[in-house]
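Please keep the sequence and the 3D view open as you read.

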Amino acid sequence: MSLAVRLLSELIAYPTVSHTSNGAITEWVADRLRTQGFECEQTRYLDGEGVPKFNLVAKRLPPGSGSESGNLSTQSVDRLELDRPENEIGLAYFCHTDVVPADRWGGPGGNPFEAVIEDSRLYGRGACDMKGSLAAMLAAIDDLDASKQSAPLWIVCTADEEVGLRGAKELAQNSPAYREIVSRDPVALIGEPTELRVVHAHKGMGGFRVISHGKAAHSSTDRGINANVAMIPLLQTILELHERVQTDPMLRDDRFDPPTLTFNFGISDHADATNIVPDRSEVWANWRTMPNVDGECLMEDAKVAAEQLGLQFRGYKSVAPLETSIDDPTLMRMCELASSYCGREKPETVCYATDGAVLGELQHRIVCGPGSIEQAHTVDEFIELDSLENGVSLFRDAIQTFAMRP
């Protein structure tokens with residue numbers, strides 16, 4: 001059994017579904033990295049349900065660089081331009097430790113938090129998204145000679161990626177160690193499952209919710225006010241927005257598949273019985289923003305229509321799309337490294353979002369990791385063992401390229 005397989009099996013054993021705390025797995029990763037010379041900052045916050053969550057930033061500086069012992073230094077580092085030698089750019093690896101629920105698990109073994117190897121695949125919740133990636137990075141670090149390190153190396157583990165990127169938002173707002181990463185601006189490798197293809201751009205998210213208030217009463221009386229009545233005229237606007245997204249050439253970016261904002265919506269009055277007049281009706285809508293198409297026109301049209309009808313309108317705080325310039329030298333170099341593992345020489349785009357959306361202060365964001373997004377969130381989630389081991393090799397190559405002396 002390889003080191004990556006052993007590490008992934010241990011990581012899967014932590015049942016870090018997003019509604020639970022990720023404290024134990026964070027401490028496990030921190031303990032392992034401390035034995036390899038990393039200094040660790042763990043920051044804690046409470047989620048909306050009062051559950052404690054933890055982000056981890058672990059840093060290892062090159063030998064003789066005067067690193068402080070104990071906690072990470074919070075001193076500002078002058079932002080370095082990209083004319084520095086390639087192996088002095090540094091690398092920051094980002095992952096999340098939470099996973100989606102596994103209540104309907106159908107993989108072999110019956111226990112989503114016990115790794116099972118079968119037919120050259122490792123099954124378990126998080127095997128693909130994205131504990132396999134973290135295991136590959138930890139194994140890659142284990143293979144390297146720390147005495148040859150020439151630039152800083154960071155390992156960043158966030159909470160709550162699966163529920164609105166909450167952990168990354170907390171990290172960006174409150175972590176002194178993250179401010180140091182920003183000041184250095186290294187290669188930021190977001191290790192989501194891409195089959196080791198290099199992704200330079202992905203979509204973000206925008207949306208809104210409209211609420212109509214009525215008055216509940218027994219349906220046999222005339223004392224109620226059906227909240228749906230005021231909502232019905234707005235549905236025509238929602239339908240028009242849905243159709244506009246499909247046909248308006250100004251709302252497309254052909255680099256993506258699909259190239260539209262993929263406007264999605266839903267309607268509910270929360271009615272439990274037909275003899276009660278509904279006192280609340282809601283319509284929600286969201287779309288996947290793109291670097292050149294934010295969909296704000298949809299938000300404005302919906303807001304105007306809702307307010308004219310006297311309805312309550314709430315716009316969501318959008319999640320930004322990610323885009324790293326296709327000419328970025330670090331991106332091109334990463335494509336060279338990855339081509340022997342994935343067979344692709346050019347960077348690609350994807351339509352899902354990652355923690356990278358929140359890391360906009362970093363200029364060299366690259367999404368790349370083992371496993372396939374097709375297996376993420378499935379009832380029998382798995383990672384191909386070949387992909388896992390190739391991930392170790394590619395991550396090792398990336399560290400050697402951007403943070404190690406030959």
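The paragraphs below go from the overall fold to an aromatic cluster and then to one threonine.

A word on the source: this is a predicted model, in which local features need pLDDT of at least 70 and side-chain atom pairs count only at pLDDT 80 or more, while totals for chains, interfaces and linings use all residues. Residues are numbered from 1 along each chain as its sequence is written, and side-chain values use heavy atoms, with hydrogens and water left out.

The chain holds nine helices and 16 strands; these are DSSP runs numbered from the N terminus, with helices being H or I of at least four residues and strands being E of at least two. Along the principal axes, its C-alpha atoms fill a box of roughly 80 × 45 × 40 Å. Of the 406 residues, 52% count as buried, where buried means under 20% relative accessible area, exposed over 50%, and partly exposed in between, with a 1.4 Å probe and protein chains only. Among contacts with a separation of 6 or more, 80% come from residues 24 or more positions apart; a contact means heavy atoms within 4.5 Å.

Now to the aromatic rings. A pair of rings is described by the distance of the centres and the angle of the planes. Rings of Phe, Tyr and Trp (its six-membered ring) pair if their centres lie within 6.5 Å; planes under 30 degrees apart count as stacked, over 60 as edge-to-face and the rest as tilted. The whole structure contains seven such pairs.

Together, Phe208, Phe263, Phe265, Trp287 and Phe313 make up one aromatic cluster.

Finally, look at threonine 401 in helix α9 (residues 385-403). Threonine 401 is buried, with a relative accessible area of 10%. Neighbours within four places in sequence aside, threonine 401 contacts Glu86, Asn87, Arg333 and Leu337.
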